[in-house]
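Trainee: I would like to go through this structure with you. Can we take it step by step?

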Amino acid sequence: MKVKILGGGPAGLYAAYRIRCELPDAEVTVYEQNDSRTTFGFGVVFSDKALEFLGAEDSETLPLITAGLEKWSDIELRVHGERIRIDGVGFTAIARLRLLEILRQRALSVGADLINSHLVRDLAELEGADLVIGADGVNSLVRKTHEAEFGTEVTLLNNRFAWFGATRPFEYLTQTFKELAQGSINAHHYRYTPSMSTFLVEVNARTFERVGFDRMTEDESRAYCEEVFSEELDGAKLVTNKSLWRRFPVISNKRWCVGNRVLVGDALRTAHFSIGSGTRLALEDVQALAHALANHPRNVQDALAEFEAQRRPIVDKLAAAATRSATWYDSFAEHLKLPAWEFAMNYISRSGRIDTERLRAMSPHFVAGYEAWRKAA
């Protein structure tokens, strides 16, 4: 079997590795437009149990990733001058470049062919493959080439966001919400190495326009956000890496494959950054795809049908939760009208996945603080 993969991010690299493990005779090639040392973004965050699925079937890769993880068990909300801790909500994070290095080495170790610094402009370049995997992200060429056949739907959220890095660690995954003269702004910040953090800044459309971010250079945006969050940075600096303002695209597809072409990861569907599941979903996608190919090594169509049938119900459930979380963030300026503790409860309940009893068992200190506030209010 000849497999060609477009996109050398986590989904593409892990697909190459898992397919070669399942089908050692397969010829697997990954095409990536950037060089092997270039990546955009900073840290990749996972929920604390997000990588458990690797343990049962990929015991060699899991320890390579977990050895470099930063770990914490609380979320901290900074809102209306208060700091509210939500205990028992565990997360981990790793530098995106480090994760790519690990997955690249795994792919090379089983004989996959990795072609870097090669921009594929037309899928005709991939002709001759038995299977073409679109692991090429939100701007997927594979998806756009067959957009009507895939039944693609793309909805842009109203808020604008930009990814920065920060030259300091934060003890928890922290959400800082502020109200400025120009409007509302928030930052998602968490460490991904002992000395560096991701620092994502988000504003609603009104604030974006009033501040004038659309007229600022990348460095001017960095300087402005550095000033707004100077208390949180505490002398640290923000750093840029294609830190451009954009709107989050909610992507879905009615069909996952067209002929011998299949989508995985962000090319297939996006999960809002507020739930930290995008990379996990991508890795799970390709694991399921590799299994299906192993079950149908001589019939790609049967393999793709099995992949979608088994994977879609899981993806749809998580995507729905991600969309609810995204909708909450798209209206965070309205939620800021709530008192701090009410805001915190509203925040932790936003995706609909945590009911009262589960929250009480998971975050007893937070629930006790919330109930004490309710009694005193």
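Predicted model: local features only at pLDDT ≥ 70, side-chain atom pairs only at ≥ 80, totals over all residues.

Trainee: How many helices and strands does the chain have?

Mentor: The secondary structure includes both kinds of element. The count is 15 helices and 15 strands.

Trainee: What is the radius of gyration, and what would a compact globule have?

Mentor: The C-alpha atoms fill a box of roughly 65 × 45 × 40 Å along the principal axes. For 377 residues, a compact globule would have a radius of gyration near 21 Å. The chain agrees with that, at 21 Å.

Trainee: What share of the residues in the chain is buried?

Mentor: Take the surface first: the accessible area comes to about 16400 Å², and carbon and sulfur atoms hold 48% of that. Buried means under 20% relative accessible area. Of the 377 residues, the buried share is 55%.

Trainee: Among contacts with a separation of 6 or more, what share joins residues 24 or more positions apart?

Mentor: Count the contacts in the chain with a separation of 6 or more. Those between residues 24 or more positions apart make up 73%.

Trainee: Which residue in β2 stands opposite lysine 2?

Mentor: β2 is mostly covered, with four of its five residues buried. The residue opposite lysine 2 is glutamate 27.

Trainee: Which residues have the most contacts inside the largest nonpolar core?

Mentor: In soluble globular proteins, nonpolar side chains tend to be buried together. The largest nonpolar core here has 61 residues. Another core, of 32 residues, lies apart from it and includes Phe42, Leu173, Ala340 and Trp341. In the largest core, the residues with the most contacts are Ile5, Leu51 and Ile133.

Trainee: Is leucine 51 buried or exposed?

Mentor: Leucine 51 sits in the loop between β3 (43-47) and α2 (52-57). Beyond four places in sequence, it touches Phe46, Leu62, Ile65, Leu69 and Leu283. Its relative accessible area is 7%, so leucine 51 is buried.

Trainee: How far apart in space are leucine 51 and threonine 66?

Mentor: In sequence they are 15 residues apart. C-alpha to C-alpha, the distance is 8.7 Å.

Trainee: Is arginine 78 buried or exposed?

Mentor: Arginine 78 lies in strand β4 (residues 70-79). Leaving aside neighbours within four places in sequence, arginine 78 is in contact with Arg83, Thr174, Gln175, Thr176, Phe177 and Glu232. The cut-off for buried is under 20%. At a relative accessible area of 12%, arginine 78 is buried.

Key
Residues numbered from 1 in each chain as written. Heavy atoms only, no water. Helix = DSSP H or I, 4+ residues; strand = E, 2+ residues; numbered from the N terminus. Buried < 20%, exposed > 50% of the residue type's maximum accessible area, 1.4 Å probe, protein only. Contact = heavy atoms within 4.5 Å. Rg over C-alpha atoms; globule rule 2.2 N^0.38 Å. Areas by Shrake-Rupley, 256 points an atom, 1.4 Å probe, with all protein chains shown as cover. Core = buried A, V, L, I, M, F, W, Y, C linked by side-chain atoms within 4.5 Å. Pairing = 2+ DSSP bridges.
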